[in-house]
Number of protein chains: 2
Amino acid sequence: MMENSGITILLVDDEPDILEFLGYNLEKEGYRVLKAKNGQKALKLAKEHKPQLVVLDVMMPVMDGMEACTEMRKVPELAGTLIAFLTARGEDYSQITGFEAGADDYITKPIKPKLFISRIQALLRRYKAVPEDSNIIAVKGFIIDKNRYVVVKDDVEITLARKEFELIQFLVSRTDKVVTREEIFTHVWGENVVVGDRTIDVHIRRIREKLGIDSIRTIKGVGYKFEEG
Amino acid sequence: MMENSGITILLVDDEPDILEFLGYNLEKEGYRVLKAKNGQKALKLAKEHKPQLVVLDVMMPVMDGMEACTEMRKVPELAGTLIAFLTARGEDYSQITGFEAGADDYITKPIKPKLFISRIQALLRRYKAVPEDSNIIAVKGFIIDKNRYVVVKDDVEITLARKEFELIQFLVSRTDKVVTREEIFTHVWGENVVVGDRTIDVHIRRIREKLGIDSIRTIKGVGYKFEEG
DNA sequence: CTTTTTCATCAGGAAATTTTCAATAAAAGT
DNA sequence: ACTTTTATTGAAAATTTCCTGATGAAAAAG
């Protein structure tokens, strides 16, 4: 409890209520808390105080969360700073291209204090152990979280089996491009592994089942394509 | 004054008078005091009660202070224990100077109570001030205490074997993140140690048994994941 | 020295994943 | 419209991966 006092967390949200609420809960745990009500002010505060963690609302006036994230990542002194996004439940993830800008976690509103705190703690703990690069990819409809090995859709964690996970990951990495069966084989199965021709189809089906049918388009005679938008 | 009541100090000296004298002064300050009249008994008591501080006379029969210190440092549960040496004024320091095995302070006899107490307090303060990177990790369901090498669940201390402890500690340090078997091996067993493939499974099972099954999720073909919430 | 605990390994079985197969459906070609 | 090719689907087989209980060796405790 006490030892949190060395840790500074910057909260950024345009709603004063949220700032108040989260701030209160974090301070109760002994963290030092800074607050900003838009991205611009956040950036300034971040440079001044170099917080360990920034919790950033995605939707904000003046400078939104993603922009702020991008800017922060440009500042060398803030290289080691953790950034977590705050997103409203049901919000369209496609806007959250911010993960590519290096966000480390995503937290959904409405927020339950206990869960929020434990999420923060886990993040700080994990980071201390191994500063890692962001392994989170957000596309329209869902988030692929390589750390947790899950896909989050409509705020629900969906667990895919290994091959399924690697396959969707590969498709998404080539968003809007057609990938041939050959390519899929070499990337997901490896050069020399030989499996039947229908295998890919079956995996595609399972992914479609679990995540909802759209997004993966069949290009007959060629391959598949993951479509955004 | 009150808050000292949680702190246990082990006094080790072969002279009953000294034990009596120091013990009285410490108890007056609210500390819990244990006494041992040689190194062997001290070691036993230390393991049993895990005191925060051990005050150890250098010259003793059966097992002298330095030997006892060395032994204590070998015990993982006592890793975080402070050890202070008690030396008679004019005693031959040459023995002690070469001795680097982890004593935290030297106190010279004859002892003035006030000075002794303030010395002890400073030592404990220093120890408290640097809780060695938060050596106590609280997660949902239990507490991992690296200082004392125990896990506390529902107010009950659960003893894990060393490998088990290191494994759960590693998993928790990566909360919510999937850790591969590779990672587990290198972190818990070390790069070059080679053990069978099922070994991890068995340890995981033991941990699940002792702590309750949930929390540790297996991601087939990938690894394990500790989940909070 | 004896007892206890820890630890690694193995083998059988359980569970989940991955692949195959066959029947059907949907495009594409003629 | 008919044929051919290619993809989808459901179910089942094959395989991989993991769990479990037992065993013995090694280390620690007594």
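Mentor: The discussion below sets values against definitions. This is a predicted model, in which local features need pLDDT of at least 70, side-chain atom pairs count only at pLDDT 80 or more, and totals for chains, interfaces and linings use all residues. Residues are numbered from 1 along each chain as its sequence is written, chains are lettered from A and ligands numbered from 1 in the order in which they are written, and side-chain values use heavy atoms, without hydrogens and water.

Trainee: Why is α6(A) called roughly perpendicular to α7(A)?

Mentor: The axes of helix α6 (residues 181–189) and helix α7 (residues 199–211) of chain A cross at roughly 80° and come within 11 Å. Angles of 65 to 115 degrees count as roughly perpendicular, under 35 as roughly parallel, over 145 as roughly antiparallel and the rest as oblique. The α6(A) and α7(A) pair is therefore roughly perpendicular.

Trainee: What makes α6(B) oblique to α7(B)?

Mentor: Helix α6 (residues 162–173) and helix α7 (residues 181–189) of chain B pack at about 125°, with axes 10 Å apart. That angle makes α6(B) oblique to α7(B).

Trainee: Which residues of α6(B) meet α7(B)?

Mentor: B:Lys163, B:Glu166, B:Leu167 and B:Phe170 do so; contact means heavy atoms within 4.5 Å.

Trainee: Why do β2 and β5 of chain A stand at the edges?

Mentor: The open sheet has the order β2-β1-β3-β4-β5 in chain A, with parallel pairing. Two strands pair if DSSP finds at least two bridges between them; four join β1(A) to β3(A). β2 and β5 of chain A each have a single partner strand, so one side of each lacks a neighbour in the sheet.

How values were computed
Axes fitted to C-alpha atoms, helices over the stretch in contact; angles between N-to-C directions. Helix = DSSP H or I, 4+ residues; strand = E, 2+ residues; numbered from the N terminus.
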